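These are my notebook entries on one structure. I wanted a pocket, a sheet and a few single residues looked up.

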Amino acid sequence: MTERIFRSVVTAVLITLLCSLVIIAGVFNEYYTDMQSERLRVECRIASVGIKNMGVDYLDGIRGEDFRVCLYDTAGYLIYDTGAEYGIDERMLSDIWTENSSESSAYLSFTEKVFFYAQRVSETQLLVVSASQPTMPVMIMGMIQPLLFVLLIAAILCTVFANSISKKIVDPLNELDLDNPLENEVYKELKPLMRRIDSLSRQIDQQMSELKRKNDEFTMITSNMSEAIILLNEREVVVSMNPSGYRLFGLSEDCTGRMFITIDRNREIREAVRIAFETGHSDVFREINDRFYQFDISRISHDGKIAGAVILAVDVTEQALAQKARREFTANVSHELKSPLQSIMGSAELIEKGIVKEEDMPRFIGHIRTESARLLSLIEDIMRLSQLDEQTDMQREEVNIYEVAEETVCLLEDVASARKVNLELEGDECVIPGVRRLVSEIIYNLCENAIKYNVEGGKVFIGITEGMDNVTLSVRDTGIGIDKKHHSRIFERFYRVDKSHSKQTGGTGLGLSIVKHAALYHNAKINIDSEPGKGTVIEVVFPK
């Protein structure tokens, strides 16, 4: 703005100065022409009087002046001439004879102009006085040096004053307080503008405040979401991403403004984004860092144009694992049920056909009873697990864990004796709120496993200790132990560390899974410490 004001002022001043010089030159030329015409009239009158009084000889006295004098007769013949290279217009002579006097001018060349004045001296004589003067362009050229000097001085002064004026105009504008427009006292012409700015400023502040509030709400909501949200514009550039998105893609810095392809190069995701832009929606299932995510991608449109897309990534690991576990459970249940049923059907078929000898009949019948009991136990365990999975409400009461442990030791004494394993119970009577049957199953299954996978002459120690906020049940054995790679899986349904050994020891393979779900029902934690050949320690920590 300062430059425009400066240029405008300088241009206006220079144009005004040039116009003034042209006008002055014109006025001066007109004045000089009038002076020349008046002088010729005076000279012509004086010469006319001199000729009347002294005759033509009078003209000899004025020869050499800077004007020319000519005397003509009625026929137009030159009687006397002081000498010059230019002549007079014949039409002027005819006009003079009729009007007694006349004056005119003519251009000899671009640089010289001639003025004439004529008067009748007598009835037979005509006097013409003429003089030349430079034309206006020549006069201006003669004044070019002083004019250039004047223009230079004027340009310098104009530059200084224009710079000063532009600063005086612009500086107050630069110092305007736009945060408080109505408090400015600069130019009264700016008051309507300041009022308008103040109104717009308040409107913008309200809109910004509302926008900030909505943005804060959006940020707060998305920041606390476990799902990852990624917003893309129409060029697939990341516009926004919540913290879950950063964690999902392993980002440690702001990725706003980056192409989504630079963040995740997975072909399936890229194809899903492309389909979403074309059709409006797409989804894809993907595994990232041993977890499973469902990507739901939706196109965003505004005024009929594609504005971008939103990617919602939901962690479905638990559902995926549950489905996997359900499939494995179905397969394992089918297998576990099929084995005893086939054994029962085989024995029954042999008996039915009379193939079994009379002395072998008790053995076959015993085999059928044993497999039936195994099948019944398996069904009962499956039903119990189903109840625990469904979180069925059970009657709670004050359960004395020490009493339940004593009952379990009594139930398992015969089994332990048969395997030459010694059971030892130690601790104090501790009471927790819970379901007595589930607590009993936890202790029974842990102790039964400790007996089954123990060595001959081994020991099983059952300890119950009470802390400030919890009660800890620990079952420690001196058995074969479990490798660490199996620790995270031994509580899965039908999982067996050593399948060949499990066939010898029997069992449904659901004991530790029941322990896990019963512990979860009581909000208890399970800890395991075991190494091959060094025994196993399993702790169940019940909150009071």
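**Entry 1: a pocket**

I looked up the second largest pocket and noted about 190 Å³ of space in it. The model is predicted: local features need pLDDT of at least 70, side-chain atom pairs count only at pLDDT 80 or more, and totals for chains, interfaces and linings use all residues. Residues are numbered from 1 along each chain as its sequence is written, and side-chain values use heavy atoms, with hydrogens and water left out.

For the terms, I worked on a 1 Å grid over the protein atoms alone: a pocket is an open set of points where a 1.4 Å probe fits, with protein on both sides within 12 Å along at least five of seven lines, and lining residues have an atom within 4 Å of a point. Points are joined across faces, edges and corners, and the volume is the space filled by probe spheres set on them.

The lining consists of Leu18, Leu21, Val22, Ile24, Ala25, Ile140, Met143, Ile144, Leu147, Leu148 and Leu151. Helix H1 (2-54) and helix H4 (144-174) are the elements that give two or more residues to this lining. H1 gives the most, with five residues. Helices (H or I, at least four residues) and strands (E, at least two) are DSSP runs numbered from the N terminus.

I sorted the lining by type and got eleven nonpolar residues, no polar and no charged. Here Ala, Val, Leu, Ile, Met, Phe, Trp, Tyr, Cys and Pro count as nonpolar, Asp, Glu, Lys and Arg as charged, and the others, Gly among them, as polar.

**Entry 2: the whole chain**

I counted 13 helices and 17 strands in the protein chain. Of its 544 residues, 35% are buried. Buried means under 20% relative accessible area, exposed over 50%, and partly exposed in between (1.4 Å probe, protein chains only). Among contacts between residues at least 6 apart in sequence, 56% join residues at least 24 apart; a contact is heavy atoms within 4.5 Å.

**Entry 3: a sheet**

I found five strands in an open antiparallel sheet, in the order E7-E6-E10-E9-E8. Two strands pair if DSSP finds at least two bridges between them. Strand E7 (238-241) and strand E8 (281-288) are the edges, each pairing on one side only. From one strand to the next, the twist averages 20°.

E8 pairs with strand E9 (residues 291-302) over eight bridges, in the antiparallel sense. I also noted that Glu287 has Phe292 in E9 as its bridge partner. Helix H7 (residues 267-279) packs on the sheet and touches strand E6 (228-233), E8, E9 and strand E10 (305-315); its direction makes about 170° with that of E8. Axes are lines fitted to C-alpha atoms, for helices over the stretch in contact, and angles run from 0 to 180 degrees between N-to-C directions.

**Entry 4: single residues**

Most residues other than glycine have a negative phi. Asn289 sits in the loop between E8 and E9 and is exposed at 63%. Asp303 sits in the loop between E9 and E10 and is exposed at 67%.

Lastly I checked Phe218, in helix H5 (residues 191-223). Phe218 is partly exposed, because its relative accessible area is 36%. Not counting residues up to four places away in sequence, Phe218 touches Leu231 and Ser240. Phe218 and Asn242 are 24 residues apart in sequence, and 9.9 Å separates their C-alpha atoms.
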